Amino acid sequence: MAAARLLRAVVGAALGLLAAAGKMKVVEEPNTFGLNNPFLPQTNRLQPKMPPSAVSGPVHLFRLAGKCFSFVESTYKYEFCPFHNVTQHEQTFRWNAYSGILGIWHEWEIDNNTFVGMWMREGDSCETKSRQTKVHLVCGKSNKLAYVSEPSTCVYSLTFETPLVCHPHSLLVYPTLTEVLQRKWDEAEQFLYDQLITEQGYKKILKEIFEEAGLLKATEEKEVEKKNKKISLQFETVEKCNKEYEQLSKEIKNLKDLLSQHNIAYKANSAENTSIQHVNHEGVAAETTVLNRSKNDEHLHGDTGIQHDTVHEET
């Protein structure tokens, strides 16, 4: 009997040790706290502040949508999902290992009429601002996330290599636009050439074209301005200025006639003697039609001829 009791005690102790070891093994598993952890309640998973913007830009890059590419540096794993988001996961055994969103697909960065980067904004909170990431697209033999850095606090920089951008024209903006927006761009170039608009006015028109195409996001201030649009004294072209001048002149004449009919005195100023013909200077007298370019004159806007070299220098 004593031997049997001793045997049961030994077996019970061994089972207890095995159970404790199994429990400890669960605790030692890395904490992912990510979107792929099905065991966490929904409230503890990564929660984006906003949905991603619509897929836009060069059509040949659309095939990257729905895919994700990872890069591990030190104890962190970074994951870039084109046209969706960028996330960071701490690969440690700490119970509170960090996982968070570094940015959600927002808009393109355009320079010299060329796509130079993808902006992921409105990531997880970082003190008084949100984390954001700029993704540089460079030429490479395969699709891969090649480099990650944090040039300033909570602002990240990713380098993504892909053979889809190796062609020197692969990141030009003009070919991605609709025919209507391309015509607007052509007209703006013609107005700039005829000196009917300034360089600043030209850039403003381009920015509006890019926003209409969904490549850039209009600022909150601009959205409010659109809703509360008021008469402005600034004009993009001399032609629009002349039209507005003619309309105002007619209104002034009608008011003067009305005052005269009722024998109401008014004080005239020297501006009333200004003729509308004075505004119609030589630049506006000629018709400002867009030139019909021949096949030999056609070109791709933003083609600087150095895109291919630039791509390799960034790698």
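**Starting from the cysteines**

Look for Cys68 and Cys81 to begin with: they form a disulfide, with their sulfur atoms 2.0 Å apart. Keep in mind that this is a predicted model. The torsion about the S-S bond of Cys68 and Cys81 is about 105°, so this disulfide is right-handed. The pair ties together distant parts of the chain, 13 residues apart: Cys68 sits in the loop between helix H1 (2-28) and strand E1 (69-73), while Cys81 belongs to strand E2 (residues 76-81). Is each end buried or partly exposed? Cys68 counts as partly exposed because its relative accessibility is 40%, whereas Cys81, at 5%, counts as buried.

Next, go to Cys126 and Cys154, another disulfide, where the sulfur atoms are 1.6 Å apart. Here the torsion about the S-S bond is about 45°, so the Cys126 and Cys154 disulfide is right-handed. Again distant parts of the chain are linked, 28 residues apart: Cys126 lies in strand E6 (residues 125-126), and Cys154 in the loop between strand E9 (144-152) and strand E10 (155-162). Both Cys126 and Cys154 are buried.

The remaining stop on this tour is the disulfide that joins Cys139 to Cys166, with an S to S distance of 1.9 Å. With 90° about the S-S bond, the link of Cys139 and Cys166 is right-handed. You'll find Cys139 in strand E8 (residues 132-139) and Cys166 in the loop between E10 and helix H2 (179-193), so to speak two distant parts of the chain, 27 residues apart. Cys139 counts as buried because its relative accessibility is 10%. Cys166 is buried too, with a relative accessible area of 18%, and the cut-off for buried is under 20%.

Count the bonded cysteines along the chain and the pattern of the disulfides reads 1-2, 3-5, 4-6.

Now step back to the whole protein. It has eight helices and 10 strands, and of its 315 residues, 32% count as buried. Among contacts with a separation of 6 or more, 53% are between residues 24 or more positions apart. The accessible surface comes to about 20,900 Å², and carbon and sulfur atoms hold 55% of that.

What about the inside? In soluble globular proteins, nonpolar side chains tend to be buried together. In this model the largest nonpolar core has 40 residues, and those with the most contacts inside it are Leu61, Phe80, Trp108, Met118, Val135 and Trp185. Which helix gives this core its largest share? That's helix H3 (residues 199-212), with five residues.

Finally, a word on confidence. The protein averages a pLDDT of 75, and 64% of the residues score at least 70. Residues 18-44 stay under 50, and the model has 27 contacts for them beyond four places in sequence. Residues 270-297 are also below 50, with 25 contacts in the model beyond near neighbours in sequence. Where pLDDT is low, the predicted coordinates should not be read in detail.

Definitions and conventions:
Residues numbered from 1 in each chain as written. Predicted model: local features only at pLDDT ≥ 70, side-chain atom pairs only at ≥ 80, totals over all residues. Heavy atoms only, no water. pLDDT = per-residue confidence, 0-100. Contact = heavy atoms within 4.5 Å. Core = buried A, V, L, I, M, F, W, Y, C linked by side-chain atoms within 4.5 Å. Buried < 20%, exposed > 50% of the residue type's maximum accessible area, 1.4 Å probe, protein only. Helix = DSSP H or I, 4+ residues; strand = E, 2+ residues; numbered from the N terminus. Areas by Shrake-Rupley, 256 points an atom, 1.4 Å probe, with all protein chains shown as cover. Disulfide = S-S within 2.5 Å.
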